[in-house]
Amino acid sequence: MSSDTFDYLILGAGSAGCVLANRLSEDPGNTVHVLEAGPMDHNLMIHIPAGVYHVVKNPAINWNYDSESEPGCDGREVQLPRGKVIGGSSSINSMVYMRGHPHDYDRWSAEFGLEEWSYARCLPYFKRCESSDRGENEWRGGHGPLGVTRGKLENPLFDALWEAGLQSGQGTSEDLNGYRPEGIARLDSTTKNGRRSSAAVAHLRPALARPNLSLTTKALVNRLLIENNRAVGVEYESMGTTHQLRA
C-alpha cells in the first residue's frame, strides 16, 4: 500500500472537481491531487458534438444509473446518465448552456437570506467563467475558460416556432442567458470551434501543466480516512491495488 500527502485532495474530476483543481492549483504553494474513477477523455466521440449519441450510451464512460420506480411515470425507471470520465457529465451531456432564470436566484436570496446568491451577485462569476462567441457585454463574458457558442440552426420548422412565439404572446429572445431569459430562442452550447468545451477541456487539462497539480484516473475511492472525527485522507483502488492519500 502506497501513501502520499497533499494539501488538497479532490474526489472526482467532474464539472465541480475540474474547476476546483484549476482554481486551487493557481496558487503554486498548494499541492493538489485529483482522483477520478473513469478514464481520460481520449474517446474522439466526446469531443465531436454530434458524437453525443455515442458517448451517452457508452458504459466505459457512463455510470448508467437508473432512477427508482417513478409513480408519476407509470412505474417506469428513468435513465440517469452520469459521466465516468474526466469532465464528468460535462463530457457526455447534450452541451446545452443555460444559467437559470434570474428570478430564481433572487428568490433564493430573499426567501432564505442568501445575499450572495442574488442574480446580481452571481452574474460576475457567470461572465468570468465563459468565453461567449457573442462577445463580452453587460450579460456575457468574453475571456473565460469555458467556450460558449450561440445556436446557429437554420430550419423552416425553427422559423415557424419563432413566429408562433410572437403570435402567441410568449415572445422570443435573442439570448436566454442575457437581457431576456424567456421565450422561443436558439440555445447556446458549451462548444468552441466546433468541439465540446467540457469542464476537463476548459479547466483541468490546461491546469495539469502546473507542477503542483496531479491526477490519477481509473481510481475508485473506497472510504474516507477519519482520525479524531476529522477526514484526513482516502483509500482507493487502482489497477487491483489499494492505495492511500492524505491531506
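At what angle do helix 4 and helix 5 pack, and how far apart are their axes? The legends below start there. The model is predicted.

**View 1. Helix 4 packs against helix 5.** Helix 4 spans residues 102–112, and helix 5 spans residues 119–129. They pack at an angle of about 125°, with their axes 9 Å apart. Helix 4 and helix 5 are therefore oblique to each other. From helix 4, the contact takes in Pro102, Tyr105 and Asp106. These meet Tyr119, Cys122 and Phe126 of helix 5. By class, the contact of the two helices has 5 nonpolar residues, no polar ones and 1 charged.

**View 2. The largest pocket draws on helix 5 and other elements.** The volume of the largest pocket is about 900 Å³. Its lining consists of 29 residues. Nearest the pocket centre lie Val19, Tyr125, Phe126, Cys129 and Leu146. Phe126 also belongs to the helix 4 contact shown in View 1. Helix 5 gives the most to the pocket lining, with 6 residues. At least two residues each come from helix 1 (15–25), strand 6 (96–97), helix 5 and helix 7 (199–207). The pocket lining divides into 14 nonpolar, 9 polar and 6 charged residues.

**View 3. The structure holds 1 cavity of 30 Å³ or more.** The largest cavity contains about 30 Å³ of space. Arg99, Gly100, Pro102 and Tyr119 are among its lining residues. Leu176, Asn177 and Gly178 also line this cavity. The lining of the largest cavity comprises 3 nonpolar, 3 polar and 1 charged residues.

**View 4. Strand 13 and strand 14 form a hairpin.** Strand 13 covers residues 220–227, and strand 14 covers residues 230–238. The two strands pair in the antiparallel sense over 7 bridges. Leu220 has Glu237 in strand 14 as its bridge partner. There are 2 residues between the strands. In this hairpin, Asn228 takes a positive phi near 55°.

**View 5. Strand 14 also forms a hairpin with strand 15.** Strand 15 runs over residues 241–246. Strand 14 and strand 15 are antiparallel and joined by 6 bridges. Glu235 stands opposite Gln244 of strand 15. This hairpin has 2 residues between its strands. Met239 sits in the turn, with a positive phi of about 55°.

Technical notes:
Residues are numbered from 1 along each chain as its sequence is written. This is a predicted model: local features need pLDDT of at least 70, side-chain atom pairs count only at pLDDT 80 or more; totals for chains, interfaces and linings use all residues. Side-chain values use heavy atoms; hydrogens and water are left out. Two strands pair if DSSP finds at least two bridges between them. Helices (H or I, at least four residues) and strands (E, at least two) are DSSP runs, numbered from the N terminus. On a 1 Å grid over the protein atoms alone, a cavity is a set of points where a 1.4 Å probe fits but cannot get out, and a pocket is an open set with protein on both sides within 12 Å along at least five of seven lines; lining residues have an atom within 4 Å of a point. Grid points are joined across faces, edges and corners, and a volume is the space filled by probe spheres set on the points. Ala, Val, Leu, Ile, Met, Phe, Trp, Tyr, Cys and Pro count as nonpolar, Asp, Glu, Lys and Arg as charged, and the others, Gly among them, as polar. Axes are lines fitted to C-alpha atoms, for helices over the stretch in contact, and angles run from 0 to 180 degrees between N-to-C directions. Angles under 35 degrees count as roughly parallel, over 145 as roughly antiparallel, 65 to 115 as roughly perpendicular and the rest as oblique. Contact means heavy atoms within 4.5 Å.
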